[in-house]
Amino acid sequence: MGDIRVRGDRLYDSLLSLAQIGKTAKGGVCRLALTDLDQQGRQWVINKALELGLTITTDQIGNTFMRRSGSNPKLAPIMTGSHIDTQPTGGKYDGNYGVLAGLEVIETLNDHQIKTDAPIEVVFWTNEEGSRFTPVMMGSGVFSGAVSLDHAYAAKDIEGKNVKEELLRIGFLGTEKPGDHPCGAYFEAHIEQGPVLENQSTVIGVVPAVMGLRWFDCTVHGFEAHAGPTPMDIRMDALQNSLGIMQYVVEIAGQHSPHGRGTVGMIQVFPNSRNVIPGQVQFSIDIRHPDHNILDLMTSKLKEYIAQVSADKSIAIDLKEVSYFPPCNFDARCIETIRKAANDLGYSNMDVVSGAGHDAIYMKRLAPTGMIFIPCKDGVSHNEIEDAKVEHLEAGANVLLHSILAFAGQHQ
Ligand code: HGY
Ligand code: MN
Ligand code: MN
């Protein structure tokens, strides 16, 4: 069994084919969670799974499990997967790679008529990106109990549509109770989305941990007035009063470099008219750090700064936490299994802490969990130019194959 390998060309073709659904002019993918394009992407993956002889289950938050039976159905399945929803200017590989690498593992086992003791399941999770709906990693968060189903159902997008109605509309409001689904171990293959592996000319990232994250929605209130007649000294300009906070988000990340992260990615100005002094501004805050205590310190500093701005300017500022997960360490046995597979296969490998969140951080709460990284071109992701080499896509899938087999056992 040690000498079986996936087919990188076949995996690459399936990634390019799935990437046609929501493809953008610059060669990326825009397939936001629970849109018609997400529905088409889901159906494309399910059709491929059905061709491979898998059985399909969907839970009440739309997480979808594609199962290959094992010789012992009593054993909990060894699971792998990721997400197929993307950022608005996403790439072909973020998430999609982990799902299709899982199906390539299945197809390789079918090719070699290998029967495993434990069942194997490939999963795609609902709304990992958190771009259209928060919280981030919604489906796996509900599956692990970190997010309530009702809270997820009520989440609304910028047009006021909620998750439950959108799941129903696209036909993925399943019946299985989230989490009522055993898992023996979970492995997720993903592009690194950063520059470390490429800079180190290393093929496989063995992921020991994921940074902790906090997301906020910050709303700064002001007073709408005419841009012409209103003197500068009496204005309550919500946008001007927001700028210092936005810069401070980046400043606190710098105060805790090299691992601190601070980003303002979304901003909405009301009424957003060029000759009206903004009466309200709502913007996103994303702060991260691999050390829990430092993440807490960054959070308290941010809150103190915002309170000071509110007092100094006598303005109302609302800060609402919309996503949180602490730094997470993966399972030692999974980490060593991944490292051994990479070494046995002859792939260079190194530890890489993940700056990006992944569904694996929630699966780690339920079962032994590990992640496999491969390089992406210039470390770029969440960008339409995201790219990866076929040989790296193949290498990661081979490490995934042998890591799964190490846990699933082979029926004699
Ligand atoms: O935000 C993240 O880290 C992930 O891409 N959802
Ligand atoms: Mn991802
Ligand atoms: Mn992403």
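Which residue coordinates both the manganese ion (ligand 3) and the manganese ion (ligand 2)? Asp94 does, and the two ions are 3.5 Å apart. The model is predicted, with local features needing pLDDT of at least 70, side-chain atom pairs counting only at pLDDT 80 or more, and totals for chains, interfaces and linings using all residues. Residues are numbered from 1 along each chain as its sequence is written, chains are lettered from A and ligands numbered from 1 in the order in which they are written, and side-chain values use heavy atoms, leaving out hydrogens and water.

Take the manganese ion (ligand 2) to begin with. Its protein donors are His83 (NE2), Asp94 (OD) and His190 (NE2), at 2.1 to 2.3 Å. Donors here are N, O and S atoms within 2.8 Å of the metal (3.2 Å for Na, K and Ca); water is not among the atoms, so sites may look incomplete. The spacing of these donor residues in sequence is H-x10-D-x95-H. His83 belongs to strand 3 (residues 78–83) and His190 to strand 5 (residues 185–191), so this pair ties together parts that are 107 residues apart in sequence. Helices (H or I, at least four residues) and strands (E, at least two) are DSSP runs, numbered from the N terminus. Both histidines, His83 and His190, are buried, meaning under 20% relative accessible area, where exposed is over 50% and partly exposed is in between (1.4 Å probe, protein chains only).

The manganese ion (ligand 3) has Asp94 (OD), Glu129 (OE), Glu129 (OE) and His382 (NE2) as protein donors, lying 2.2 to 2.5 Å from it. In sequence, its donor residues follow the spacing D-x34-E-x252-H. Glu129 sits in the loop between strand 4 (120–125) and helix 4 (138–143), and His382 in the loop between strand 17 (369–374) and helix 12, so the pair ties together parts that are 253 residues apart in sequence. Glu129 counts as buried at 5% relative accessibility, whereas His382 is partly exposed, with a relative accessible area of 40%.

Helix 12 itself covers residues 390–408. Its 19 residues reach 26 Å from first C-alpha to last, close to the 27 Å expected at 1.5 Å a residue; the expected span is 1.5 Å times one less than the number of residues. Helix 12 is mostly covered, with 15 of its 19 residues buried. Just after helix 12 comes Gly409, which takes a positive phi of about 70 degrees.
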